[in-house]
Amino acid sequence: MSGSKKTEKKKAYGSKKTGKIRKNGSKKPVDVEKLKEGMVIIKDDKHSKMEVEVPEVKSTGDYKKNPVYIYYDWCKRCGICVAFCPTGALGRRADGSPYVPHPEKCIHCEMCDRLCPDFAITGAKR
Amino acid sequence: MSNIPQKQIHKYLRHDKKFPHVWCPGCSNGIVLGATIRAIAELGYEKDEVAMVSGIGCSSRMPVYVDFNTLHSLHGRAIAYATGVKFFKPEMKVVVVTGDGDATAIGGNHFIHAARRNIDITVILINNNIYGMTGGQYSPTTPDGARATTAPYGNIDRTFDICKLAIGAGATFVARTSAYHAQESKLFISKALEHKGFSLVEIVSSCPVIFGRLNKKGSPADMLKDMKDNVITEKKYNELSEDEKADKIPRGIFVEEQVPEFTATYTDLVQSLQKPKDE
């Protein structure tokens, strides 16, 4: 098992050395499988050499049920978003990760968005 | 739909680098990175217009993750490299991201002389009161009495006031804010980028894993709450008595003035000397 894993790693490094940019330009940008519904690939302006995966935020109506999007792959469970949520819409699970127990309390102030050091949470309204 | 802040940030990140980034849980560097990207996105600079230079340290890991022209240089020498970049390409916006130890201890001379010259560089100085990356040695900004790995019974040195140092050295834009005031950080950084001349934005930040643990400051959120209470506006700070001032830090724009800029003066000099002789 471990041997096969090592060879896989070596292959990955080999492709990096050749300088070819992989299609998504990324090892693991955001967990696409989990968030597949909300994801689009946008091509950036002329200066960008790679395709950037950006979470798409659905516009109408949806934000009342899901006021914030949380990318658990990037989250480090520091608890800042929960501590500074002014209305208590966010809560913490037993492992420290944030979730939204009271979506109706969210006032879309985007405090969590500004203070997240890992870009792991974003408001869904705008 | 077009103004989603998070969407802006994702546009400016290098997604082929390993995410989530290398900083510890709750480190303020990520907040400052977010504020910087928002400021640049709001000003509408193109990615090729901006050069981000850094030295060594936790904060200096920042250029790795952003998709501008970036330069990761020697310890303390970020401003020296940035001077070179600015001199060769005067139209480029040069941003130096540096830490407190990087800029004021090891690169102290570069810092004061760049300020004296008034070269058009924006320095974002993230002050976390300690050398975080190398294991928690005390830095010039470690508060009096605070513990560090190399000061287990408390630091006995006096603290460096970086903003006063920059004002004394002749910087033409000096501002201080904290990582908790993320929106204000964005505002000050965008003002500093637009300013012609040497501009310094000191951002008081937290190191929850080393400084916070050694000094029993609590969780990352507690450290940010401390910042909210202790980093107060200059007006409020001046109203306090001497005793109350002890553990408070003023924030705001301290200096904003227009003085001839170094690269512009140099270009003028070269042009005046290159005039044809027969005139």
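1. A quick definition before we start: a nonpolar core here is a set of buried Ala, Val, Leu, Ile, Met, Phe, Trp, Tyr and Cys residues joined through C-beta atoms within 7 Å. Keep in mind, too, that this is a predicted model.

2. With that in hand, look at the largest nonpolar core, which has 80 residues. The residues with the most contacts inside it are C81(A), V96(B), I121(B), I124(B), L125(B) and V201(B). Helix α2 of chain B, residues 29-43, gives the largest share of this core, seven residues. Apart from it lies another core, of 10 residues, with W23(B), C27(B), Y138(B) and A148(B) among them.

3. Leaving out residues up to four places away in sequence, I121(B) touches I79(B), A82(B), K86(B), V94(B), V96(B), A114(B) and F198(B).

4. Now zoom out to chain B as a whole. Chain B has 12 helices and 10 strands. Its radius of gyration is 19 Å, close to the 19 Å that the globule rule gives for 279 residues, so chain B is as compact as a globular protein of that length. The C-alpha trace of chain B spans about 75 × 45 × 35 Å along its principal axes. Of the 279 residues of chain B, 49% count as buried. Among contacts in chain B with a separation of 6 or more, 67% come from residues 24 or more positions apart.

5. Next, the sheet. Eight strands of chain B form an open sheet with mixed pairing, in the order β2-β1-β3-β4-β8-β7-β10-β9. At the edges sit β2 (69-72) and β9 (231-233) of chain B, each pairing on one side only. From one strand to the next, the twist averages 20°.

6. You can walk along part of that sheet pair by pair. β1(B), residues 50-54, and β2(B) pair in the parallel sense over four bridges, and M52(B) has T70(B) as its bridge partner in β2(B). β1(B) also runs parallel to β3(B), joined by five bridges, with A51(B) opposite V94(B) in β3(B). From there, six bridges link β3(B) and β4(B), again in the parallel sense; V96(B) has V123(B) as its bridge partner in β4(B).

7. Why is β3(B) largely enclosed by the rest of the structure? Seven of the seven residues of β3(B) are buried, so the strand is largely enclosed. Both faces are covered: K93(B), V95(B), V97(B) and G99(B) are buried on one side, and V94(B), V96(B) and T98(B) on the other.

8. Two helices to check against the sheet are α2(B) and α7(B). α2(B) packs on the sheet and touches β1, β4 and β8 of chain B, its direction making about 155° with that of β4(B). α7(B), residues 182-194, lies across β3, β4, β7, β8 and β10 of chain B and runs at about 165° to β7(B).

9. Finally, have a look at α6(B), residues 162-169. Here I162(B), C163(B), L165(B) and A166(B) are buried. These residues cover an arc of only 160° around the axis, which puts them on the same side of α6(B). On the other side of α6(B), K164(B) and G168(B) are exposed. What do the buried residues of α6(B) pack against? Their partners are α4, α5, β4, β7, β8 and β10 of chain B. After α6(B) comes G170(B), with a positive phi near 100°.

Definitions and conventions. Residues numbered from 1 in each chain as written. Chains lettered and ligands numbered in written order. Predicted model: local features only at pLDDT ≥ 70, side-chain atom pairs only at ≥ 80, totals over all residues. Buried ≥ 20, exposed ≤ 12 C-beta atoms within 10 Å, placed from the backbone. Arc of directions from axis to C-beta. Contact = placed C-beta atoms within 7 Å. Rg over C-alpha atoms; globule rule 2.2 N^0.38 Å. Pairing = 2+ DSSP bridges. Axes fitted to C-alpha atoms, helices over the stretch in contact; angles between N-to-C directions.
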